[in-house]
Amino acid sequence: MPARLKTYRAVAHLLSALDALGWRVGYRYGDRQLLEGVILPSLAAGVGAGHVLLVGCAWYTRDYPEFFTRARVSTLDVDPAKSPFGGRRHVVADMTALERHFAPASLDAVICNGVLGWGLNAPDDIEAAFSAAATCLRPGGHLLLGWNDIPPYNAVPPEAVMALEALHPDTIPGLDQHSVIALERNQHCYQAFRKPETKS
Ligand SMILES: C[S@@+](CC[C@H](N)C(=O)[O-])C[C@H]1O[C@@H](n2cnc3c(N)ncnc32)[C@H](O)[C@@H]1O
């Protein structure tokens, strides 16, 4: 593992331990600042009173539902231990089983950051998860995908996911580009997709 990534992980463990002791330190890295300062507020303004799903919960995402002041927010994580970091409407489930919990075309936005390659690893599961996300998004709905373009996290990059072909590339909320590398050291990328309004 590269030394810079080792440092990043060590800092993450330290911040997590401080958080568990009640110190809300959060992350100060540029990728989080972009997400929390630009992307999520812009997405929140766009979805208004819609239904937003946040996939993958952690101590540092505990406050993310609060960005969506007007929206109905659901959170989902396969790991029951992450439930304390979920929102008021939290589902313990695998993203592959999304359609058991959300109706087709019922979601205005799905935010899936740090899940692809971080537990959602098997190619068939990745296809099932994003196929379900595409089904559950309403026409015109947004998918914000965050992933790390470094091994071992990029074994299945988004361009290899056939299920994402059901969605169109979109501009990232608050930015004017489809894709951005938000932090060089861990190649944390954000990419935005949108479900077509009508079947093409
Ligand atoms: C690195 S954390 C990412 C947390 C957060 N989404 C973020 O913005 O960083 C990865 C989380 O995704 C969850 N996860 C991994 N695979 C999943 C799957 N197939 N379905 C639902 N959650 C999954 C893990 O349990 C873990 O809590």
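Start your tour at Pro 152, in the loop between S5 and strand S6 (168-170); helices (H or I, at least four residues) and strands (E, at least two) are DSSP runs, numbered from the N terminus. The peptide bond running from Pro 151 to Pro 152 is cis, its omega being near 0°. What you have open is a predicted model, in which local features need pLDDT of at least 70, side-chain atom pairs count only at pLDDT 80 or more, and totals for chains, interfaces and linings use all residues. Residues are numbered from 1 along each chain as its sequence is written, and side-chain values use heavy atoms, with hydrogens and water left out.

Now select Ala 105, in the loop between strand S3 (89-92) and S4. Look at its phi: the value is near 60°, which is positive in a residue other than glycine. Most residues other than glycine have a negative phi, and most peptide bonds are trans.

Pockets and cavities are found on a 1 Å grid over the protein atoms alone: a cavity is a set of points where a 1.4 Å probe fits but cannot get out, a pocket is an open set with protein on both sides within 12 Å along at least five of seven lines, and lining residues have an atom within 4 Å of a point.

Zoom in on the polar contacts (pairs of N or O atoms within 3.5 Å):

- Arg 32: an N or O atom of the side chain is 2.7 Å from an oxygen atom of the ligand.
- Val 55: a backbone N or O atom lies 3.2 Å from a ligand nitrogen.
- Leu 120: a polar backbone atom is 3.3 Å from a nitrogen atom of the ligand.

On its own the ligand has 600 Å² of accessible area, and the protein covers 90% of that (Shrake-Rupley method, 1.4 Å probe).

Hide the ligand and look at the pocket. The lining has 44 residues, with Ala 58, Tyr 60, Lys 82, Gly 114 and Trp 118 nearest the centre. Colour H1 to see the largest share of that lining, six residues.

Finish with the largest cavity, which holds about 30 Å³ of space. Select Leu 43, His 142, Leu 143, Leu 144, Asp 170, Thr 171, Pro 173 and Ala 192 to see its lining. Which strand gives the largest share of this lining? Strand S5 (residues 137-148) does, with three residues.

Terms used:
A polar contact is a pair of N or O atoms within 3.5 Å; within protein, one must be able to donate a hydrogen and the other to accept it, and residues adjacent in sequence count only if both atoms are side-chain atoms. Grid points are joined across faces, edges and corners, and a volume is the space filled by probe spheres set on the points.
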